[in-house]
Structures are given as C-alpha cells and as structure tokens.
Amino acid sequence: MSDGAVSRREALATGAVLLGGAAAQRTPVYVPPPPGKKPGWALVGLGKLTIEELLPAFARCEKSRVAALVSGVPEKAKALAARYGVPEKHIYDYEAFDRVKDNPDVDVVYVVLPNSLHAEYTVRAAKAGKHVFCEKPMAPTTKECREMIAACRAANVRLMIAYRLHHEPHHLRATDLARGKELGVQLVIADLTQQVPPGTWRTDRKMGGGGPVPDIGIYCLNAARYLTGEEPAAVRATTFTPKDDLRFGDVEQRCLFTLSFPSGAQANCSCDYGLDDVSQFTMIGPDGSARMDNAFRYRGLKMTVTQRGVQRVTELAQIDQFAAEIDLFSQCILENKPHKTPGEHGLQDVTDIEAIYEAARSGRPVKLNS
Ligand code: NAD
C-alpha cells in the first residue's frame, strides 16, 4: 500500500504487533510499537541537500534517526557516518544497495538522487521491503511514477513524496486564508528563479526530467494546487532558451505557465534557471490579498496580508521544514496514519508538468484532469 491502513507485514516491520486469535480476526487490534521506537532511515545520495540540510535536520528529529548511508564515494560516506553516528557496516554503495533488505535497523529509504534515478531506487527499496520517502519531483515521467506506486503497493510499503511546504506553518495559514471566505483567492501569482551552475544534472534534460519546471517550477505548481484546493483543468505555457548561454543547450532557461482551475481561479507561474534568486507568491481575492516572501525557501518565510487597505505581517514560527516532514512520515508509520503527499500526489504534479511542456511545444492550451 502506498498510504492508508497499515498491513500486518508493515506493522511488524515497525515493531508493532497485530494480535492473532479468534477475537482479533473479528476486530484487528493494533498494538503500537514500544514508546521511544524511532524508525531508522537510509539516505541514498550524499549530495548538497543531504549534507547541508537533511543530516543536520535528523539531529533535530524526535521520531527518526539516520541508520544507513548509500553513496558512490566511500571516503565521503565514512566521514559523514562518523560525524552522524552511523556504523560503518551500514554504509552501502549503489551496487550493494539491495543488501539493505537484510538490515533490520533500516525502516525507511530516503531517495535524494538526481530525478532520473528516483524510480529505480524507489522500486529497489520497495523490493527490499522498506518504506520509501522520495524527493520531488517524483520522477521524470508519469509512467515511472505509476511504476513506483505499483512497486510500493505490491511490497506493502508506504510511499511519501517530500513536499516540505505541506507542513510549514506559513503555507498552512496561507492555504486556510486562500480557501476561506476571508480572502477567497481567485488569482495566484508565483515565481521561483535562480542561477544554476553549468555541467550538473539540472541542465541535462534526461537526468532532470526537463529543465526548471520539474526542479523549481514544481513549487509554484504545487502551491497553486494546495492554495486553491483544486486540480488544474487546463494549462498554457511558453519557454525561453537563449542562444548564447552554454548552460541551456539541452534545457530551457525559463518557462511561464498559466493554470486554469475548474472554479475559474487561475495561477500565473514563472520559473527560471538564469536569473537572480526570487522566491515569492501573491494570492488575490475580491476583498484582500496575501503575499509570501521567501515563499519556497528553507528559512525566512514572511507573509503579509492586506485587507481593506490595512497590511499586517503574520507572525508564525520558522520551523526546520525537513525535520518536520521526516518526523511526520516516521509518525505515520508508527501510528498507522495516512499522510498528505503519497505517490498519487506526486504523480499529479508530473502529469501537470508533462502538460506544461506539451503546451509550450504546441503553443496551444492543454486540457487536464477532465
Ligand atoms: P546533488 O547533485 O547535490 O546531489 C546528488 C547526489 O546524487 C550526489 O551525491 C551524486 O554523487 C549522487 N549521484 C548518484 N548517481 C549519480 C549520477 N548518475 N549522476 C549524478 N549524481 C549522482 O543534488 P541535490 O541538490 O542534493 O538534489 C537531490 C534531489 O533532491 C533532487 O531530486 C532534487 O530535486 C531534490 N531537492 C529537493 C529539495 C527540497 O527542498 N525538497 C532541495 C534541493 C534538492
């Protein structure tokens, strides 16, 4: 199963017990694992995100711990294992990764690899009987997303896609405001731009599954979905690729896309790999608006709400977004609870991204979800 109720096998894997006997057959009894049990996580891919954000976040987690590391560079893995208290025998290279199956200390595999490798490692982790937490975008194609969902379902393990902003207080408040009567948002304008260095997987169409759209445009797209609470019915898009910038031989520099939702709400989004850092959205309703600065960043989010001409900054906690989503998945596993961003949620974004590229290619609007 990719979400929902815990199975017998899943419960046992987390240390929980399902009582047997005639009474239990009438009403299955779920006995939670011992208090203090922290699921062990294997991190696959020791790149920038893992080193700079995820490993430090685990130190702040209350319900999760790092149990294993998977890397192609042994010296790096050994140094990080020593620093974060991971036994050396729990370091795997990519070829030996499947041996994680025999490591009872690992409950969850966290896939933090270039996008083109998400499907392969999700399927391998599921076959090893481990729950999967996979970075966004879920995969380059909807076909791969479906294979990932099917593999996790067949193995009876859970699959969560790492959408950290679904648990972030500013975004949760913005969502309440957007969907509530106070603002009744009808227009979302979202922008995420940054400079990318040359020669990485991000400017390789096959490895990235596209250019800036799946990598950073996905934040604008996903925000438009949760702010409106709707799925887009149609998309229009254009791309821009400069002739004189060697970074953009394979992928576009920029994509502008407009999403139209069934209620009439719309979102106007831009993502760009060759402009200075901007990360923001504005949402506008008939009687007010709200603006989020640093909207998609890890820190420093700021929301300003304007109603009847009065502006006020919303004071909310700045949390460790990574620790929050990691602990949430551990908790869902331990307590047999569903979560907000299963594989199906990631698949919807990838479906929309395929439509965005088709709209940009054809120059015509593309219908969705009809
Ligand atoms: P990165 O390039 O810094 O790290 C990728 C890692 O994968 C490296 O350790 C690299 O050695 C390893 N790797 C294994 N096989 C590889 C291969 N064949 N080619 C290239 N690298 C290979 O990337 P990153 O910024 O850490 O991003 C990793 C994933 O995390 C991506 O899916 C990205 O979209 C996602 N990400 C998410 C967030 C977020 O806020 N949720 C932020 C940044 C990145």
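The legends below describe close-up views of a predicted model.

View 1. The chain is divided into domain 1, residues 8–162, and domain 2, which is made of residues 169–318 + 350–367. The centres of domain 1 and domain 2, taken over C-alpha atoms, are 29 Å apart. In the contact, 13 residues come from domain 1 and 14 residues from domain 2.

**View 2. The area buried between domain 1 and domain 2.** About 1,100 Å² is buried between domain 1 and domain 2. Carbon and sulfur atoms give 57% of this area.

**View 3. Salt bridges and polar contacts across the interface.** Two salt bridges are found across the interface of domain 1 and domain 2. Elsewhere in the count of contacts, five residue pairs are in polar contact between domain 1 and domain 2, with both residues at pLDDT 80 or more. On the side of domain 1 that touches domain 2, helix 3 (48–60) and helix 6 (142–155) are the elements that give two or more residues. By class, this side of domain 1 has seven nonpolar, four polar and two charged residues.

**View 4. The side chains of Glu53 and Arg299.** A salt bridge joins the side chains of Glu53 and Arg299. The distance from N to O in this salt bridge is 2.8 Å.

**View 5. Confidence along the chain, and residues 1–25.** The chain has a mean pLDDT of 92, and 91% of its residues reach 70 or more. Over residues 1–25, the pLDDT is below 50. Beyond near neighbours in sequence, this stretch has 64 contacts in the model. Where pLDDT is low, predicted coordinates should not be read in detail.

Methods. Residues numbered from 1 in each chain as written. Heavy atoms only, no water. Domains from an automatic or database assignment. Contact = heavy atoms within 4.5 Å. Buried area = accessible area lost by both parts, 1.4 Å probe. Salt bridge = Lys/Arg side-chain N within 4 Å of Asp/Glu carboxyl O. Polar contact = N/O pair within 3.5 Å; in protein donor to acceptor, adjacent residues only side chain to side chain. Helix = DSSP H or I, 4+ residues; strand = E, 2+ residues; numbered from the N terminus. Nonpolar A, V, L, I, M, F, W, Y, C, P; charged D, E, K, R; others polar. pLDDT = per-residue confidence, 0-100.
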